[in-house]
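Please open the model in your viewer and keep the selection panel at hand.

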Amino acid sequence: MRADILFPINAEAFTYLIPEDLESKIKAGSRVLAPFRRGKKVGIVQSTQHRIQNSDLKKIKLKSIDSVLDDEPLVPEKLLKLIQWVGQYYMSASGLALKNAVPSAFFTGKKAGKSRIVYDEEIKEAKALDLTAEQINALSEINSTDKGVFLLHGVTGSGKTEIYIRAIKALPPDREAIVLVPEIAITAQMIDRFRVNFGDSVVFYHSGLSIGERITQWRKMRDGEVKVVIGVRSAVFAPFNNLGLIVIDEEQEASYKQFEGLRYNARDTALARAQLEGIKIILGSATPSMEAYYNAKNGKIRYLELTKRIEQRPLPGVDIIDMTKEEKQTFSLSNKLLNALKENLGNNYQSLIMLNRRGYSPFFMCTDCGHTYKCPACSITLIYHKDTNTLNCHYCGSYLNPQEMCPTCKGTRIKYLGTGTQRTEEEICSLMPGLAFKRMDKDTTQKKLSHYRIIKQMEEKKIDVLLGTQMVAKGHDFPNVTLSAVISADIALNMPDFRSAERALQLFTQLAGRAGRGEVPGRAYIQTYEPEHYVFDYVRGHDYKGFYEKEIELRKELSYPPFSRLLRIIFSFKTRDSADKTVKVISNRIRKMNPPSSHISKGGIEILGPSPAPIEKIRNLWRWHIILKGKNAKALRQAAAVILDKIKDVKEMKIDIDVDPINML
Ligand code: ADP
Ligand code: ZN
């Protein structure tokens, strides 16, 4: 017999012979050791076949598998199918998909250590809640079937999490569930609620786990010892054998997409898995992606709606603060917001403020000649960080030390323009002395559990004002927060991306939704220099549907998703010269491709580019891209394959393929 073996490398499966004494032990999913190049490698058996003809064996001399490493297959067969689907759909090697799906320790032979408990709190007892009428309706729809896709569209604080929990409890006893969340650390409260309900039969799966923890969790899932996994992206590959339900919380989140290596989207992979396994899946959101809502409206997926907050609590009123007119004493705070903060503090309530940019100042500029500091490796302006007194690149992580003197004109009048979380922190703390203040951004949350501690302190009301990047906007349920605010809304509005309005609406709605979740109604303040932007009309009225109707027209006009699909091919070069030369060659070859014969709506494919990527240089690589637009995903992949084939002999460049890109930078 022979076996096709997949290794966790950028390649498809390799064929080996199965020695006779191993025939009964080797199955699809078995972990085996096999000779590879000059050494040996651990891989997973993708499939086994009986020898068809003796004769064809003679032609190629196959190597034999050395040994089998486990008694039972490590990877469930259905998961293997998913891995192959991912490889194919994302135009990547199945080996790379395997590498993302299975903990690396299984291939390196590192031994599992003892598993530590990540969240060390005691498990409290579950509150008995009476579901609202809307919750009952949604739940009974979900429970009435064992397959299909649901969009659970519920305003912030409408009790979506409760529905996830009950839907899992209603599964047959032998069925398991995957719950995907955008970021595990900021989902601490949700995790607590799952622990309360599922005790030790829920596990957490995320990048913060040690090698040992990862292996332990994996085995528990595969052996059916746990019922639920909560995790980020890679938990979509949880090795359950008897999956019954997948939940994707905040399905619209960009963090479900991996931006490097295998560029897969865990939401779409989950949809594929649900289909492959014939099970049900819930996409939950307060502000669904345009794609999901479009599919729901067209009856492709089932739509469930929670229109009200629990206890009929009102959604917060939203104030759009026009920063071109508003008075202010400091760089980033309008008097209006400052007064509201003071009043809220006086009433002993908590406030949550988002400023989606970390560091102190995004422009460190010489006022004599206008010089700003750029990263030497990236086409990105450096951001000044005051605590470290460095100018940091948020793309490649490199930094410079700022000089007293301008390197261009030797001037000494250096100015900090714009604001980041550090500067706003300084301002708030100086204007409100004695304030119990915390900042939550990537710089203050490097240590394990640091998010969790901040969230606990918020819950225990030890913090008056919490300021942070988008991580403060998401998912938290603090009943004592009655004020939420956005400092510089313009950052989100001005991204060079056709989804920027959608993203901005989602972010502002989420942030606003943190206020007034308890008994006292809340209020949200959004500071902007562009108050006429159409997004604000809908944020003000919590009018997702109104926004959708407006935005969908724009998408239709420009044939953007959901009216088309996109595929992006990114080329990276070591020098600008080789970029310029090679791009010419690529352009010529592509121009010779048959021109698209029909419009996108009729199945045609549009090829845009090659053009320089909006961020032209990252980590010393010059970047260009081609964007393919078309109606049909398969046709798009075929067109991309034709392009790749036409340029397969072109050297000295790196090619990345991004199917369904959501970051065009
Ligand atoms: P969402 O996920 O939609 O933002 P949550 O599920 O976090 O909302 O619910 C908001 C709050 O309401 C939570 O504190 C939750 O425990 C509580 N809650 C949910 N359902 C009910 C209910 N039926 N009765 C009372 N409280 C509820
Ligand atoms: Zn850089």
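A charge sits over a ring if NZ of Lys or CZ of Arg is within 6 Å of the ring centre and within 35 degrees of the ring normal. Before selecting anything, note that this is a predicted model, in which local features need pLDDT of at least 70 and side-chain atom pairs count only at pLDDT 80 or more, while totals for chains, interfaces and linings use all residues. Residues are numbered from 1 along each chain as its sequence is written, chains are lettered from A and ligands numbered from 1 in the order in which they are written, and side-chain values use heavy atoms, with hydrogens and water left out.

Select arginine 214 together with tyrosine 205: the charged end of the arginine sits over the tyrosine ring, 5.2 Å from its centre. Then move to lysine 629, which lies over the face of tyrosine 560 at 4.3 Å from the ring centre.

Next come the aromatic pairs, for which rings of Phe, Tyr and Trp (its six-membered ring) must have centres within 6.5 Å; planes under 30 degrees apart count as stacked, over 60 as edge-to-face and the rest as tilted. A search of the whole structure finds 24 such pairs. Show phenylalanine 14 and phenylalanine 36, whose ring centres are 5.3 Å apart and whose planes stand at 90°, so the pair is edge-to-face. Phenylalanine 14 belongs to strand β2 (residues 14-17) and phenylalanine 36 to strand β3 (residues 31-36), 22 residues apart; helices (H or I, at least four residues) and strands (E, at least two) are DSSP runs, numbered from the N terminus. Buried means under 20% relative accessible area, exposed over 50%, and partly exposed in between (1.4 Å probe, protein chains only). Phenylalanine 14 is partly exposed at 31%, whereas phenylalanine 36 is buried at 11%.

Now select phenylalanine 237 and tyrosine 264, where the centres are 5.5 Å apart and the planes at 50°, so the pair is tilted. Phenylalanine 237 lies in the loop between β9 (228-231) and β10 (243-249), and tyrosine 264 in the loop between β10 and α9 (266-277), so the pair ties together parts 27 residues apart in sequence. Phenylalanine 237 is buried, with a relative accessible area of 1%, and tyrosine 264 also counts as buried at 1%.

For the sheet, switch to a cartoon view. Which order do the 6 strands of the open sheet have? The order is β13-β23-β22-β14-β21-β20, with parallel pairing, where two strands pair if DSSP finds at least two bridges between them. β13 (317-322) and β20 (437-440) stand at the edges with a single partner strand each, so one side of each has no neighbour in the sheet. Select β20 with β21 (residues 465-468): 4 bridges join these parallel strands, and the bridge partner of arginine 439 in β21 is leucine 467.

Finally, consider nonpolar cores, defined as sets of buried Ala, Val, Leu, Ile, Met, Phe, Trp, Tyr and Cys residues joined through side-chain atoms within 4.5 Å. The largest has 119 residues, and those with the most contacts inside it are Val75, Val102, Val229, Ile246, Phe508, Ile526 and Val535. Its largest share, 7 residues, comes from α15. Apart from this core lies another, of 30 residues, among them Ile165, Ile168, Val181 and Leu245.
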